[in-house]
Amino acid sequence: MLVVRPAGPADLDHLLELAILSGPGFTSLTEDPDALSERLELSQASFRGQVAPQEAWYTLMLEDGDTGDIDGVGSVKATVGLKRPFFSFRVVNNTASSPSIGVKLDHQTLVLVNECTGWTEVGSLFLKADRRKGGAGRLLSQSRYMLIGAQPELFAENVLAELRGVFTPDGACPFWDHVAHKFFPMEFDDADRMTGSTDKQFILDLAPRHPIYTELLPEPARAVIGKVHPQGVPAMALLESEGFRPNGLVDIFDAGPTVSCGRDNIRTVRDARQLRLEIADHVEAELPALVSTDSIAAFRAVRAKCDIDGEIARLTAETAAALKIRNGATIRVKS
């Protein structure tokens, strides 16, 4: 049985492997062991309630309960932009006209903004290639919303997700090569690393102060603005199924889109029910349900058959063991 559980320092080798497999442009999974170690320590402290709620960063691992293999990662960052700015480009459409000569033009510009301060971010969703089928991605993705729903007061009213922009098969990034690199004269990987490990002052120092007119950009750069990396298309579909929509912001390095949704309007947060567990020898259910604990400190999530009768949810002993809960516990269920 696949289980989503909290990550901790002991997961460093697994997280580093996933970071390497994720490839270029996956900003939230740096290949820096020290940075990943700090992140895992923060994750452990966050689940234990040892950091201020707004500083929490919960990292989740997808584990095969039978083999112990770690096949995926996801995360929820309680807030962004409080200690370090959260920069984006806003895509702005402007109209210019001259009635005297009968000309009307629509211009698209990119404007540097810092609009998402204090929002919650769901991210870092990545699975090994052989796990990208059979519902594992949906389990891992939805587990993040079950976590938010367990204690929504710890998260912001607005939730965002950034998706990786377009890279060519040889690892080149058209938007970086033709646009961002003109302002940040360094390798993409270095800028990517500094974004996660510094106060981002270098962005404030070097980023364009004035709107960038996209008509002036080379076609390869224009074509990828707001587009998703091919590997991110399934993640985009999962986000859209939860109610997330593009909000007009794109990443300043690769031009990947940002999507957002109100916390209480996320489908899994809204529809999951609090029920009381009753362990049964056999469970009759046509389809498996998403089931999680109702506690961040002891958070675990699985997809399993669940028989709902009023306020009672019946699970097998195997499922209860995977969740590490006892008979009578409060659980959250999304059918």
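Author: Helices here are DSSP runs of at least four residues, and strands are runs of at least two. By that rule, this predicted model has 10 helices and 16 strands.

Reader: What makes the radius of gyration of the protein agree with that of a compact globule?

Author: Let's set the two values side by side. A compact globule of 335 residues would have a radius near 20 Å, and the protein has 22 Å, so the two agree. The C-alpha trace spans about 80 × 45 × 40 Å along its principal axes.

Reader: Why is Asp 34 called exposed?

Author: Good one to check yourself! Exposed means over 50% relative accessible area. Asp 34 has 59%, so Asp 34 counts as exposed. You will find Asp 34 in helix H2, which covers residues 33-47. Asp 34 and Leu 12 are 22 residues apart in sequence, with their C-alpha atoms 9.4 Å apart in space.

Reader: And which residues of helix H4 are buried?

Author: Buried means under 20% relative accessible area. In H4, residues 174-183, the buried ones are Pro 174, Phe 175, Trp 176, Val 179 and Ala 180.

Reader: How do you know that they are on the same side of H4?

Author: Look at the arc: they cover only 140 degrees around the axis, and therefore they sit on the same side of H4. As background, an α-helix has 3.6 residues a turn, so residues three or four places apart point the same way.

Reader: How much of the whole protein counts as buried?

Author: Of its 335 residues, 49% do.

Methods: Residues numbered from 1 in each chain as written. Predicted model: local features only at pLDDT ≥ 70, side-chain atom pairs only at ≥ 80, totals over all residues. Heavy atoms only, no water. Rg over C-alpha atoms; globule rule 2.2 N^0.38 Å. Buried < 20%, exposed > 50% of the residue type's maximum accessible area, 1.4 Å probe, protein only. Arc of directions from axis to C-beta.
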